[in-house]
Amino acid sequence: EYLLARDWKEVPLKELVESRFNLPFFLINDIDAGALGEKFYGRGIKVENFVCIWLSETVGMGMVLNDRIYFGKKGFVGEIGHTNVIPDGAICTCGNRGCLETVATTSFVLGKCREGIASGVYSKIVNLCDGDKSRLKIEDVIIASNNGDRFVRNIFLEVAGYIGGKLTDIANILNPEVIILRGSIIDGNSFLFENIERI
């Protein structure tokens, strides 16, 4: 009975799934689900207090406090991507200016790289995308960075500064045992990770 997208308003999804399959069902956002995954299967095993930061097309944070996932009052906790890092910076998707998401996402890094390719900068990423900047992927950029590409590393140094500064605030405010970093911009990116850790 709920087949059309326009009908998906006030749908009791939890109750529908539980009654259909006779199993407990929980509905949470992707970042909190990632934090729970880390809690039960990853770096959060046996850790009572940690935050999991997701760095990809968005920047989000899931929190496990006192051995339980923390949702806040209405489930909107952990919107670190929409905290300010550059006063009067670029407009964010949320409508504010200078949010972390404007300077620490996959699209930011790829945009900076494509600008560099267009201006003729020397970088290994040109070879990795066969000179076609539209085919450039974040995996190409990470490979170039891990192989010492100066142009790409300068971009990641900028990103590390923004992320590292925010993580310093989180460490001082929440005092977690562990901060876990995951997502397409950080997974396998040793240079970015080392510089965030240094900051």
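Reply: Isoleucine 125 touches Cys113, Ile117, Leu136, Asp140, Val141, Ala144, Asp149, Phe151 and Val152, leaving aside residues up to four places away in sequence. A contact here means heavy atoms within 4.5 Å. This is a predicted model, in which local features need pLDDT of at least 70 and side-chain atom pairs count only at pLDDT 80 or more, while totals for chains, interfaces and linings use all residues. Residues are numbered from 1 along each chain as its sequence is written, and side-chain values use heavy atoms, with hydrogens and water left out.

Me: What makes a set of residues a nonpolar core, and which residues have the most contacts inside the largest one?

Reply: A nonpolar core is a set of buried Ala, Val, Leu, Ile, Met, Phe, Trp, Tyr and Cys residues joined through side-chain atoms within 4.5 Å. Buried means under 20% relative accessible area, with exposed over 50% and partly exposed in between (1.4 Å probe, protein chains only). The largest such core has 38 residues, and those with the most contacts inside it are Ile53, Val109, Cys113, Ile125, Val141, Phe156 and Ile185. Two or more residues each come from β1 (50–55), β2 (59–65), α3 (106–119), α5 (138–146), α6 (150–174) and α7 (190–198). The largest share, nine residues, is that of α6. Another core lies apart from it and has seven residues, among them Ala35, Val47, Val64 and Ile180.

Me: How are the helices and strands identified, and how many are there?

Reply: They are DSSP runs numbered from the N terminus: helices are H or I runs of at least four residues, and strands are E runs of at least two. The protein has seven helices and four strands, in the pattern α-α-β-β-β-α-α-α-α-β-α along the sequence.

Me: Why is β2 called largely enclosed?

Reply: Six of the seven residues of β2 are buried, so the strand is largely enclosed by the rest of the structure.

Me: What makes β1 and β2 a pair, and in which sense do they run?

Reply: Two strands pair if DSSP finds at least two bridges between them. β1 and β2 have six bridges and pair in the antiparallel sense. Isoleucine 53 stands opposite methionine 61 in β2, and a hairpin of three residues joins β1 to β2. β2 also pairs with β3 (residues 68–70) in the antiparallel sense, over three bridges. Leucine 65 is opposite arginine 68 in β3. The hairpin of β2 and β3 has two residues between the strands, and asparagine 66 in its turn has a positive phi of about 50 degrees.

Me: Why is α5 called roughly perpendicular to α6?

Reply: The two helices pack at an angle of about 105 degrees, with their axes 8 Å apart. That angle makes α5 roughly perpendicular to α6, because angles of 65 to 115 degrees count as roughly perpendicular, under 35 as roughly parallel, over 145 as roughly antiparallel and the rest as oblique. Axes are lines fitted to C-alpha atoms, for helices over the stretch in contact, and angles run from 0 to 180 degrees between N-to-C directions. The contact is made by Val141, Ile142, Ala144, Ser145 and Asn146 of α5 and Val152, Arg153 and Phe156 of α6.

Me: Which residues of α5 are buried, and against what do they pack?

Reply: Ile138, Asp140, Val141, Ile142, Ala144 and Ser145 are buried in α5. The buried residues of this helix pack against α3, α4 (125–128), α6 and α7.
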